[in-house]
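Hello,

Here is the structure I promised to pass on to you. Please open it alongside this note, and I will walk you through what turned up.

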Amino acid sequence: MRLYMFEHCFLCFRVRMTAAIKHLHLQETIVLDDDSDTMVRLVGKRQVPILVKDDGQTMLESMDMVDYVESLG
């Protein structure tokens, strides 16, 4: 899984902590504030966090990401 995030994103922290508690590997990619192209390419709009699951599907809502990560392992 890969989490695209702003460095200062408190919503991303939820997902990161949940993965850490579950001892799951989560690749983290910092998106710069002016890098709209990456976000739009992934999900069609400028929004973080973005979780790209192992099957390539993307998720946008941090609490949905937390629920998903909780369901693993």
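Helices and strands here are DSSP runs, a helix having at least four residues and a strand at least two, and they are numbered from the N terminus. Please keep in mind that this is a predicted model.

His 23 is not a glycine, yet its phi is positive, at about 60 degrees. Another loop, the one between α2 and β3, holds Pro 49. The peptide bond leading from Val 48 to Pro 49 is cis, and its omega is near 0 degrees. For background, most residues other than glycine have a negative phi, and most peptide bonds are trans.

Now to the sheet. It is open and built from 4 strands in the order β2-β1-β3-β4, with mixed pairing. Because β2 (27-30) and β4 (58-59) stand at the edges with a single partner strand each, one side of each has no neighbour in the sheet. β1, residues 2-5, pairs with β2 in the parallel sense over 4 bridges. Within β2, Ile 30 is the residue that stands opposite Met 5.

Next come the helices. Helix α2 (residues 36-43) lies across β1, β3 (50-52) and β4, and runs at about 55 degrees to β3.

How do α1 and α3 pack, and at what angle? Helix α1 (residues 10-21) packs with helix α3 (residues 62-71) at about 5 degrees, and their axes are 9 Å apart. Angles under 35 degrees count as roughly parallel, so α1 is roughly parallel to α3. From α1, Leu 11, Arg 14, Val 15, Thr 18 and Ala 19 take part, meeting Ser 62, Met 63, Met 65, Val 66, Val 69 and Glu 70 in α3. Sorted by class, this contact has 7 nonpolar, 2 polar and 2 charged residues.

Lastly, the rings. Searching the whole structure gives 0 aromatic pairs. Tyr 68 does have Lys 53 over its face, at 4.7 Å from the ring centre.

Enjoy exploring!

Terms used:
Residues numbered from 1 in each chain as written. Predicted model: local features only at pLDDT ≥ 70, side-chain atom pairs only at ≥ 80, totals over all residues. Heavy atoms only, no water. Pairing = 2+ DSSP bridges. Contact = heavy atoms within 4.5 Å. Axes fitted to C-alpha atoms, helices over the stretch in contact; angles between N-to-C directions. Parallel < 35°, antiparallel > 145°, perpendicular 65-115°, else oblique. Nonpolar A, V, L, I, M, F, W, Y, C, P; charged D, E, K, R; others polar. Phe/Tyr/Trp six-rings, centres within 6.5 Å; stacked < 30°, edge-to-face > 60°. Lys NZ or Arg CZ within 6 Å of the ring centre and 35° of its normal.
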